[in-house]
Each structure stands twice: as structure tokens, then as C-alpha cells.
Amino acid sequence: MTVRFKGTELRPVLAEAVANQCRVILVKDQGVYFLAECGERRPDGRQKTIAYAAGCNPDVDAFDDWWELARAEFGGDDFGEFFDPQEGVFARILRSEDDLDVSASATHLSLQAVPPTPSGN
């Protein structure tokens with residue numbers, strides 16, 4: 001199983017991290033999402049620019065749906081994993097129209113740039 005991050009949503013997060021000279025964080029807690037380590041905050045204290053995995057956004061997806069998808073792919077524990085936004089697959093995402101597929105095993109995360117799907121999924 002894999003979760004997809006739309007490039008159109010991920011690129012602003014990566015650009016914010018590059019501009020702030022910080023890392024991006026893949027988080028699994030209330031959903032599955034990327035955010036900049038040092039990003040602009042909204043008045044309520046939440047991070048302003050967040051890229052959720054398709055189907056894992058608690059603001060738009062039903063709790064049972066996003067929770068089960070996140071648990072199936074990443075297990076039951078919450079986590080945060082840090083990445084350099086200017087290296088590897090993230091550099092490619094910044095320079096292209098690609099989306100990002102993320103999958104996990106018990107010991108590794110796999111990140112792969114993929115062409116966007118025409119249907120928007």
C-alpha cells in the first residue's frame with residue numbers, strides 16, 4: 001500500500017522549508033502530512049502550509065477512513081521523520097509537476113516521485 005501526496009500541495013511546503021532553511025517533516029498523528037520545520041503559523045497556532053496525503057486529511061476525510069489508511073501504511077504509532085527539502089526526491093518534486101508516493105515497511109520509508117494522475121487521485 002502507498003499514500004500519495006499531490007505535488008501541487010507538497011511544493012509550497014517544500015518551498016517554505018527551502019526559504020526558511022529548515023527541514024520538512026513527514027508526520028503521522030492527526031492524519032499523515034508534510035510540513036516545514038519552521039513554517040508560518042495561523043492565528044490558532046496551527047501550521048499554515050501543510051500537505052496531507054490523499055485520504056489522510058482529518059479536515060476532509062472521515063475519521064475511520066483516514067485513521068485506517070494511516071494505520072495500515074504506517075502502523076499504530078505516531079511519528080515525525082525529518083528530510084532535507086533540497087535533496088533527492090524532494091528536489092525533483094520542486095523542479096517538476098510530479099506527485100510523491102510514500103510507503104513504509106517495519107524498518108524503512110520509501111519515497112518515489114511519480115507523474116500526477118489525470119483524475120486528480
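**Figure 1. Buried residues of helix α2 in the predicted model.** Trp-66, Ala-70, Glu-73 and Phe-74 are the buried residues of α2 in this predicted model. These four lie on the same side of the helix, because the arc they cover around the axis is only 75 degrees. The exposed residues Asp-64 and Asp-65 are carried on the face of α2 that is turned away from the buried side. The cover over the buried residues of α2 includes the strands β1 (3-5), β2 (24-29), β3 (31-36), β5 (79-83), β6 (99-104) and β7 (109-114).

**Figure 2. Length and end of helix α2.** Helix α2 comprises 12 residues, numbered 63-74. From its first C-alpha to its last, α2 reaches 16 Å, close to the 16 Å expected at 1.5 Å a residue. Gly-75 follows α2 and has a positive phi, near 85 degrees.

**Figure 3. Surroundings of Asp-99.** Asp-99 is placed in strand β6. With a relative accessibility of 2%, Asp-99 falls under the 20% limit and therefore counts as buried. The side chain of Asp-99 comes to 2.7 Å from the backbone nitrogen of Gly-7. When neighbours within four places in sequence are left aside, the residues in contact with Asp-99 include Arg-4, Phe-5, Lys-6 and Gly-7. Ile-93 is also among these contacts of Asp-99, as are Gln-112, Ala-113, Val-114, Pro-115, Pro-116 and Thr-117.

**Figure 4. Nonpolar cores.** The largest nonpolar core has 24 residues, of which Phe-5, Phe-34 and Leu-100 touch the most other members. Two or more residues of this core are given by each of β1, α1 (7-19), β2, β3, α2, α3 (88-95) and β6. Helix α1 provides the largest share, four residues.

**Figure 5. Cysteine residues.** The structure holds zero disulfides. Cys-38 takes part in no disulfide, and the nearest cysteine sulfur, which belongs to Cys-22, is 4.3 Å away; a disulfide would require the two sulfur atoms to be within 2.5 Å. Cys-38 counts as partly exposed, because its relative accessibility is 41%. Cys-56, by contrast, is buried, with a relative accessible area of 0%.

Key: Residues are numbered from 1 along each chain as its sequence is written. This is a predicted model: local features need pLDDT of at least 70, side-chain atom pairs count only at pLDDT 80 or more; totals for chains, interfaces and linings use all residues. Side-chain values use heavy atoms; hydrogens and water are left out. The expected span of a helix is 1.5 Å times one less than its number of residues. Buried means under 20% relative accessible area, exposed over 50%, partly exposed in between (1.4 Å probe, protein chains only). The arc is that of the directions from the helix axis to the C-beta atoms. Contact means heavy atoms within 4.5 Å. A polar contact is a pair of N or O atoms within 3.5 Å; within protein, one must be able to donate a hydrogen and the other to accept it, and residues adjacent in sequence count only if both atoms are side-chain atoms. A nonpolar core is a set of buried Ala, Val, Leu, Ile, Met, Phe, Trp, Tyr and Cys residues joined through side-chain atoms within 4.5 Å.
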